[in-house]
Amino acid sequence: MSVKLTDEMLKALPDSRGHFGAFGGRFVSETLMDSLMTLEKEYLQLKDDPEFQANFDKDLADYVGRPSPLYFAERLTRETGGAQIWLKREDLNHTGAHKVNNTIGQALLASFLGKKRIIAETGAGQHGVATATVCARLGLECHIFMGSEDVQRQSLNVYRMKLLGATVHAVESGTKTLKDAMNEAMRDWVANVDDTFYIIGTVAGPHPYPLLVRDFQSVIGRELREQSMEKMGKLPDALVACVGGGSNAIGMFYPFLTDESVELYGVEAGGLGIETGDHAAPLCAGRPGVLHGNRTYLMEDENGQISGTHSVSAGLDYPGVGPEHSWLKDIGRAHYVSVTDEEALAGFRTLTQVEGIMPALESSHAVAYALKLAATMDKDKVLVINVSGRGDKDIHTIAQLDGIEI
Amino acid sequence: MSRIEGVLKSLKEQGRKALIPYITAGDPHPDQTVSLMHTLVKAGADIIELGVPFSDPMADGPVIQLACERALKHNTSLRQVIGMVEEFRKTDPDTPVVLMGYLNPMEAMGYEAFADAAAKAGVDGVLTVDLPPEEAGDVAPLFSKRNIDPIFLLAPTTTDDRITAISKHSSGYVYYVSIKGVTGSATINVDEVAEKVAHIHELTALPVGVGFGIRDAETAGAIGKVSDGVIVGSVLVDTIARNQSDSDALNQALHDLLYPMREALDSLA
Ligand SMILES: Cc1ncc(COP(=O)(O)O)c(C=O)c1O
C-alpha cells in the first residue's frame, strides 16, 4: 500500500490551506486567523530569503554547535548482534535537545515580524528551556506554559527556565500536562495577538506551524544524509526516532522521504501497554479528529472528548501528533510503533551503560525499539537512532523509580 | 425562512434587539439543562446558545472551562445535548436554539449523522468555534440543506475581505467577538465595538450579534444600541456555578440576572 513519493509530490505539501492529504489545516477561532495568515505569508517569503537562511545557518553552527555528530555505537552494535547502530547526537546541541533547532528559527521569524513578547508551551521542559534560551539571547519577554504535573516531574527544567529569565505559568486545567499547556498558550495568544509570537514546540498546531517546524528541524536529516555518505558511503537502511508531537522524527525523516530503500520508524509512548489504554500512542491506537488547530490522529473517547494520556516521559505525553505523520502513516511511507515505559527505561539503562550516553526518556523510546529492530537485521545493514535529547532532566524521575532520593 | 431568521426579522420590525443567553449543556447536571432553558426564555431570551461541552475548550476562559468539566463529569455527550433540545422543543416550538461548541465531538459523531439528528430535534443553528469557513466547505452545506443556519465568528482582527467572505458562508446572524481574548476575560470597549459593528453592517446584510464581555444590564443596553443583539455567557455560567446545589435558587438567580438585560434592551426600542 506504500506510495512512491517524488520531489514534486512533496513540494505540493502542505497545500495552500495547510493540508497533508486529509490531515492538517487551520482549525482555530477567528481571532487568530489573521495572525496565522500573516505568519504564513511572511514565512513563505523568508524561507527562500538568503539573508534569513544565512542567519539561521550561522546560529545553528555557532550557537547550537551544529552539525551534531553521527556516532558509530560500536559496542552497542556488537552486544545487540545485528545491524550497525549509529546515533545522531541531537543531545549534544546547546540546551540538550533537538528543540533548539526550531526555537532558533521561530525566534528569527519573530524578530523579522517585530514581535517582542514570546509564548510557548512545554511538556518535558526542553522546548521551554530552548525558548527561554533564545529569548535571553535576543532580549525578548518570555512566558512558558507548562502543565502543573509536568512542573513537578521536570523541576530541574523549570528552574533552568527561571534562571534564563522566563516566567513559568503552571497550568492547572484539564489533565495538567502538555495538551493543557497548549490550550493555555493558545488562550494567551488570542488575548495578546498584536504583540505576541507563539513559538510552538512541535510539528503540530494550525498551518503554517507544521510546515515551518518541519523545515527548521529538517537540518537533522540533511546533515544525516551527508554524514552517511561520508562515513558509510551509502544511505542508512533504517531510521528510528521517538514521536511525541513528532518534530525530531519529521526532522530526521523528511530529507529521506523519497528514498524508498530507507525504512522509517516512529516510536510512540506505549505507557503501561497499548491494551491498558494508559499510553500516548495516537498513531498506533487512535483515530483522526481535530485538536489544537489541525486534523490528525488523536486519542479520544467515543464522544470525541480528548483522552488523558500516560507516559513516563513528559515530552511524549500528548494525545495528538503532527499531521504530516498522520499522512505518512496512511500512505504507508513510515511505520509507527510503540514501546512501553518499562522498555524505554531499559533502553535508557542500556545506552547509558554500554555507550556512556545518557538519553532523554523520550529518546529512550527510540533506543528501545531500535535495539529490537537491529537484532532482526543483517550485520551489513545500517540503523540510525535519533538521540533527540540528553537525560539529565530525567534523573529525578529515574531515581524515584529506583526508590532513591537525591 | 429559518426559525432564527424569523425571530430576528420580527424583532427588527418591532425595533427590538435580540437577547441571546449562553449556557453549557449538562452544567451543573444534564437533568437540569432543559429546565434552565425554559427559565432563560421566561426571563426574555429570544434565542438560546447551548454549549456542547468539550474537554479542551481552547477559546474559553476559566468560567466556561469549569462548566465543561462539570458537564463532562456526568459524561454529557453531543447526542445527549441533541436529546435536550428535543425535550425542550416539546413545550417550546418557537425559541431558536443554536448549538455552540468545538469541532471534534461533531466529527466523532459523524457530520451527516449529527446534522440529521440536530435537524430532527429542532436545532436551528450551529456555531463551531474552531471551524473557520475555509475548513467548513464539506460541513456547512450539510446544515444549510436541513434548514440549520451555519453561524460563523467575526473578530476585531478580521479583515474586510474576510468579513465579506465569512458573511457569505453564514446565515441567521454573524457573531462578532467583541474583544481579543477568551470568553469572560476583558471588559468591553463600547465605542470600539460600535465602530466595528457599523462597519460590519456596511459589508453584510446579516444581523450582527455581539458577544464576549457583556455582564450586566448596562453593558447589554450599551451594546444592544449599536448591534442587532447581545450574547451573554460567562456571567450566566458563573451564576450556575455559584448555585449548583439548589436547583430552585439557580433558576431564580438566572432569571434575576437576565431579566434586567431584557428590560435594558427593550428600553432602547
Ligand atoms: C528530548 C526530547 N525528545 C523528543 C521530544 C518529543 O517531541 P517531538 O516528538 O516533537 O520531537 C521531546 C519533547 O519534549 C524532547 O524533549
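Reader: Let's start with a pair: which residue stands opposite A:Leu264?

Author: A:Ala334, in strand 13 of chain A. This is a predicted model, where local features need pLDDT of at least 70, side-chain atom pairs count only at pLDDT 80 or more, and totals for chains, interfaces and linings use all residues. Residues are numbered from 1 along each chain as its sequence is written, chains are lettered from A and ligands numbered from 1 in the order in which they are written, and side-chain values use heavy atoms, leaving out hydrogens and water.

Reader: What makes strand 10 and strand 13 of chain A a pair?

Author: A strand is a DSSP run of E with at least two residues, a helix is a run of H or I with at least four, and both are numbered from the N terminus. Two strands pair if DSSP finds at least two bridges between them. Strand 10 (residues 263–269) and strand 13 of chain A have six, so they pair, and they run parallel.

Reader: Why is strand 13 of chain A called an edge strand?

Author: Strand 13 (334–339) pairs on one side only, and strand 3 (70–72) does too. They belong to an open sheet of six strands in chain A, ordered 3-4-14-9-10-13, with mixed pairing.

Reader: What is the order of the open sheet of four strands in chain A?

Author: The order is 7-6-5-8, with parallel pairing. Strand 5 (residues 117–122) and strand 6 (residues 141–147) of chain A are joined by six bridges, and A:Glu121 has A:Phe145 as its bridge partner.

Reader: What packs on that sheet, touching strand 5, strand 6, strand 7 and strand 8 of chain A?

Author: Helix 9 (residues 178–191) of chain A does. Contact here means heavy atoms within 4.5 Å. The direction of helix 9 makes about 160° with that of strand 5 of chain A; angles run from 0 to 180 degrees between N-to-C directions, using axes fitted to C-alpha atoms, for helices over the stretch in contact.

Reader: Why is the crossing of helix 2 and helix 10 of chain A called left-handed?

Author: Left-handed means the near helix is turned anticlockwise from the far one by less than a right angle; clockwise would be right-handed. The axes of helix 2 (residues 30–46) and helix 10 (residues 209–217) of chain A cross at roughly 35°, and the crossing is left-handed. Among the residues that meet there are A:Leu36 in helix 2 and A:Phe216 in helix 10.

Reader: Where does A:Lys176 lie, and what is its phi?

Author: A:Lys176 is in the loop between strand 7 and helix 9 of chain A. Its phi is positive, about 60°, although it is not a glycine.
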